[in-house]
Amino acid sequence: MTSSTTAAPTHWVLTLSCPDRPGIVHQVAGTLAAHGGNITESQQFGDPASGLFFMRVQVESAASRDAIEAALAPVVAEFGMTWTLDVVGRRVRTLLMVSKAPHCLADLLYRERHQGLPVDVVGVVGNHPDLAGIAAFYDKPFHHVPVTKDTKADAEATLRGLVDALDVELVVLARYMQILSDDLCRDLSGQVINIHHSFLPSFKGARPYAQALDRGVKLIGATSHYVTGDLDEGPIIEQDVERVDHSNDEPQLVSLGQDVERRVLARAVRWHAEHRVLLDGHRTVVFR
């Protein structure tokens, strides 16, 4: 009497981009099928402006990562693909950076613990100590790294050390009110997400909501984007707005704005962690 066991299938997520041409979907799907792959989700987009093709596929297969990567290698070479392969739902090792505003930090940590946000927050960095208590409540190490004009280089060296030591895959600026250097932005390209109020660049500087109130705005909002050397001009991941009117005072605008900020940032972080965001030059393709 003999018995055999079959490995349980793994749910993989494959993302790719390459110059657009016929046959890409056929080749990818055929290769996955040849290795027992059952496609559970598939999205694709051809950008006529850039001439690039983008694809995100979720597939269940009992084949190993090595086997799938080896099978895809000729397809990757033939089409000149940039690609990633990961396990669906794997929690991305994430470092949160903060200053004094607590709303985005508290929201992300709550979503990680209670709402299945697929990140593993391995630490919180603050240039002020104000939010150490929130990090402690969620059992997260808090690293106080002060930043001044004279210590900026040392602070970034400390940040680089944490990214390396903690094997960080994603850095989230959760209302971190410091500008990262061009060198750091380049080194972590596509790995740093920021949030800001959508008044920029109209209302720069201190108290943007007071400036907005003075101008009688009817919409307030927030933008989440990848960080580049161009301040607040990186590829946009998500945006949202809230309608306001003459009856809203400054504290109400601030409260509404913070609510939009936390929602927009959480969506951007989730979509990044789920491999739903692909870079298309200075734009993004987001497979929601």
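## Helix packing and a buried arginine

Helix α3 (residues 103-114) packs against α8 at an angle of about 45 degrees, and their axes lie 9 Å apart. That angle makes α3 oblique to α8; angles under 35 degrees count as roughly parallel, over 145 as roughly antiparallel, 65 to 115 as roughly perpendicular and the rest as oblique. Axes are lines fitted to C-alpha atoms, for helices over the stretch in contact, and angles run from 0 to 180 degrees between N-to-C directions. The crossing of α3 and α8 is right-handed, that is, the near helix is turned clockwise from the far one by less than a right angle. Contact means heavy atoms within 4.5 Å. On the α3 side the meeting residues are His103, Cys104, Asp107, Leu108 and Arg111, and on the α8 side Gln258, Glu261, Arg262, Leu265, Ala266 and Val269.

This is a predicted model, in which local features need pLDDT of at least 70 and side-chain atom pairs count only at pLDDT 80 or more, while totals for chains, interfaces and linings use all residues. Residues are numbered from 1 along each chain as its sequence is written, and side-chain values use heavy atoms, with hydrogens and water left out.

The chain has 8 helices and 13 strands; helices (H or I, at least four residues) and strands (E, at least two) are DSSP runs, numbered from the N terminus. Buried residues make up 45% of the 288 residues, where buried means under 20% relative accessible area, exposed over 50% and partly exposed in between (1.4 Å probe, protein chains only).

In helix α1 (residues 24-34), Ile24, Val28, Thr31 and Leu32 are buried. They are on the same side of α1 because they cover an arc of only 95 degrees around the axis, the arc being that of the directions from the helix axis to the C-beta atoms. His26 and Ala34, on the other side of α1, are exposed. The elements against which the buried residues of α1 pack are listed below.

| Element | Residues |
|---|---|
| β1 | 10-19 |
| β2 | 38-47 |
| β3 | 52-61 |
| α2 | 65-79 |

Just after α1, Gly36 takes a positive phi of about 70 degrees.

Arg276 is found in the loop between α8 (250-273) and β12 (277-280). Arg276 counts as buried because its relative accessibility is 10%. Its side chain is joined to that of Glu41 by a polar contact of 2.9 Å (a pair of N or O atoms within 3.5 Å; within protein, one must be able to donate a hydrogen and the other to accept it, and residues adjacent in sequence count only if both atoms are side-chain atoms). Leaving aside neighbours within four places in sequence, the contacts of Arg276 include Gln43, Arg56, Trp271 and Phe287.
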